[in-house]
Amino acid sequence: MIDFDRNSDDAAMHRLLNQAGTGPSSAHDDAVLGAADRLLRSSPEARPRRWHVPAALAASLIIAVSVGLPNLQHVEQASPASAVRAAQAETAPPSGERLAALPEQLRWPAAADATGYRVVLRDATADVVWTSTVLVEPQLRLDGDAAAAVAGLETCIWSVEVVGPAEPQELGPYWFHLAHR
Amino acid sequence: MLKFLDQQRSDEALLRRCASRLDRDAFAVVYERHRQNFYQFLLKLSADPRIAEDVSQQCWLKLLESFAGTPVYQPSKHARFTTFLYTLGRNLYIDQFVRRHDHSRCQSFEHTPAAQNRHAEHCVQRNTHEQQLEQHTTSALRQLPVEQREVVSLWACGFSARSIADIAGVPVNTVHSRKRYAIARLRELFAQSGLLDSVPPCNNAPLKALKNAVAGQTR
């Protein structure tokens with residue numbers, strides 16, 4: 001039996017077949033990307049799935065009933081901006097922050113069904129510089145190898161892989177700049 | 001920065017984000033990554049640019065529309081996205097354009113003059129050297145039975161024998177033999193059409209080997 005990929009004649013044929021390399025027409029691109037515009041949203045507006053809204057309303061109702069309806073008059077309407085601030089507050093250091101020194105630790109919001117977290121640190125070109133072992137708590141102490149990996153960077157991008165849920169989840173990316181460099 | 005990061009992410013991670021956040025930019029990165037190679041695969045498989053565009057568009061729209069409900073591609077359940085996408089394209093093509101037309105899979109229906117004219121029109125509209133090569137290649141591929149075309153198209157896209165076997169639903173040994181027959185036939189066809197002379201000089205060593213092999217067969 002011939003070798004599937006290494007035969008030199010096959011390599012020439014492979015190149016020959018791949019020389020003719022045009023893409024689909026602009027009409028094709030317009031149809032697909034037009035549908036994407038209709039069905040999806042650009043990143044800054046990327047929203048939760050539609051079922052999240054009724055689920056959030058149901059959750060709010062349960063909380064309101066458990067706390068007591070009379071207290072409803074004191075409940076302030078949460079604005080999207082305050083929700084973003086709340087999410088950022090759970091992340092330390094807040095994403096996009098310019099820091100004078102290396103942060104002592106990284107902290108992120110706990111995820112439901114998580115049995116652990118794996119932190120990935122990257123440089124400004126998104127190359128991985130360090131990966132943690134699986135952590136039980138939603139925080140990482142930035143010392144030892146992790147600190148050494150980050151110490152030389154002007155910008156550190158970090159993200160967290162959530163271990164445990166059936167559907168793989170990733171938190172972030174978050175990043176911080178080191179201002180003294 | 002986020003768009004830059006998206007380009008570093010795997011297809012699977014980006015599509016998870018499409019499903020959970022309906023993120024258009026994540027989809028655009030995946031589409032840009034695969035649009036050309038996927039179209040090229042379908043063009044080689046169908047040997048008809050209109051069918052290739054039609055099937056490609058159907059696949060991307062099917063993927064997009066599914067984000068509103070249950071995504072057709074779920075990284076936790078399926079293999080790699082490329083394997084999923086090419087399987088989807090291959091199956092759609094076989095179902096819609098081979099089985100439905102009640103043609104024997106070995107006597108593919110694209111041999112009709114109409115399909116050949118469509119391709120000629122398509123190439124006249126985009127008359128460059130690259131497109132002429134595409135026309136020659138497609139004409140040669142049209143001479144192969146669809147089973148061989150399927151294998152050789154996936155192989156040209158860089159899939160391993162194991163992945164091709166998974167996509168086509170045949171044993172690995174069958175993939176090897178189909179590929180061997182397909183390449184032998186393509187060698188003859190390319191030699192007849194003079195296409196071998198159009199390979200740029202950078203391919204010198206392998207090309208010489210290929211030319212010698214062809215010369216040896218025709219002698």
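Let me begin with a pair of helices in chain B: the axes of helix H8 (residues 146-156) of chain B and helix H9 (residues 161-168) of chain B come within 10 Å, and they cross at roughly 135°. Please keep in mind throughout that what we are looking at is a predicted model. Angles over 145 degrees would count as roughly antiparallel, and H8(B) and H9(B) are therefore oblique to each other. Their crossing is right-handed.

Which residues make the contact between these two helices? From H8(B) they are Glu150(B), Val151(B), Leu154(B) and Trp155(B), while H9(B) brings in Ile164(B), Ile167(B) and Ala168(B).

After H3(B) comes Ala47(B), and the phi of Ala47(B) is positive, near 55°.

Now to chain A, where I want to speak about confidence. The average pLDDT of chain A is 73, and 66% of its residues score at least 70. Among the elements of this chain, strand E2 (residues 105-107) of chain A has the highest mean pLDDT, at 92, whereas helix H4 (residues 80-89) of chain A has the lowest, at 48. Two stretches deserve a mention here: residues 47-52 of chain A have pLDDT below 50, with six contacts in the model beyond near neighbours in sequence, and residues 68-87 of chain A are likewise below 50, with four such contacts.

Terms used. Residues numbered from 1 in each chain as written. Chains lettered and ligands numbered in written order. Predicted model: local features only at pLDDT ≥ 70, side-chain atom pairs only at ≥ 80, totals over all residues. Helix = DSSP H or I, 4+ residues; strand = E, 2+ residues; numbered from the N terminus. Axes fitted to C-alpha atoms, helices over the stretch in contact; angles between N-to-C directions. Parallel < 35°, antiparallel > 145°, perpendicular 65-115°, else oblique. Left-handed = near helix turned anticlockwise from the far one by under 90°. Contact = placed C-beta atoms within 7 Å. pLDDT = per-residue confidence, 0-100.
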